[in-house]
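Let's walk through this structure together, one neighbourhood at a time. Keep the viewer open and turn the model as you read.

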Amino acid sequence: MTAPECATKRIPVCPSTWETVHQLRKPGQTYDDVINELIRKNSENLLIEETKRIRKRNQYVSLAELEA
């Protein structure tokens, strides 16, 4: 992401949170990259958990029903 696309914001975090995010950072990654990766992984985890709940209930809806 180029500088004009980014806004400089201050997000207050506890020192332990900052240290954890800092440790997650790979060489060449920005904090924006790390945060976006965390968001992406969280979204994937939410989808996986929702899929597990649906499978556990064994209640499926056919695509034809969704399109109607």
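Glutamate 37 belongs to helix H2, which covers residues 31-57. Bear in mind as you look that this is a predicted model. Is glutamate 37 buried or exposed? Its relative accessible area is 18%, and because the cut-off for buried is under 20%, glutamate 37 counts as buried. Leaving aside residues up to four places away in sequence, glutamate 37 touches Lys26 and Gln29.

Now for the aromatic rings. The count here comes to 1 aromatic pair. It is formed by tryptophan 18 and tyrosine 31, whose ring centres are 6.4 Å apart and whose planes meet at 35°, so the pair is tilted. A stacked pair would need planes under 30 degrees apart, and an edge-to-face pair would need over 60. Which parts of the chain does the pair tie together? Tryptophan 18 sits in helix H1 (residues 15-24) and tyrosine 31 in helix H2, so the link joins parts that are 13 residues apart in sequence.

Tryptophan 18 has a relative accessible area of 42% and is partly exposed. Tyrosine 31, at 28%, also counts as partly exposed.

The largest pocket holds about 540 Å³ of space. It is lined by 14 residues, and those closest to its centre are Lys9, Ile11, Tyr31, Asp32 and Ile35. Which elements give two or more residues to this lining? They are H1 and H2. Sorted by class, the lining of the largest pocket has 9 nonpolar, 2 polar and 3 charged residues.

One last stop is glutamine 23, which lies in helix H1. With a relative accessible area of 59%, glutamine 23 is exposed, because the cut-off for exposed is over 50%.

How values were computed:
Residues are numbered from 1 along each chain as its sequence is written. This is a predicted model: local features need pLDDT of at least 70, side-chain atom pairs count only at pLDDT 80 or more; totals for chains, interfaces and linings use all residues. Side-chain values use heavy atoms; hydrogens and water are left out. Helices (H or I, at least four residues) and strands (E, at least two) are DSSP runs, numbered from the N terminus. Buried means under 20% relative accessible area, exposed over 50%, partly exposed in between (1.4 Å probe, protein chains only). Contact means heavy atoms within 4.5 Å. Rings of Phe, Tyr and Trp (its six-membered ring) pair if their centres lie within 6.5 Å; planes under 30 degrees apart count as stacked, over 60 as edge-to-face and the rest as tilted. On a 1 Å grid over the protein atoms alone, a cavity is a set of points where a 1.4 Å probe fits but cannot get out, and a pocket is an open set with protein on both sides within 12 Å along at least five of seven lines; lining residues have an atom within 4 Å of a point. Grid points are joined across faces, edges and corners, and a volume is the space filled by probe spheres set on the points. Ala, Val, Leu, Ile, Met, Phe, Trp, Tyr, Cys and Pro count as nonpolar, Asp, Glu, Lys and Arg as charged, and the others, Gly among them, as polar.
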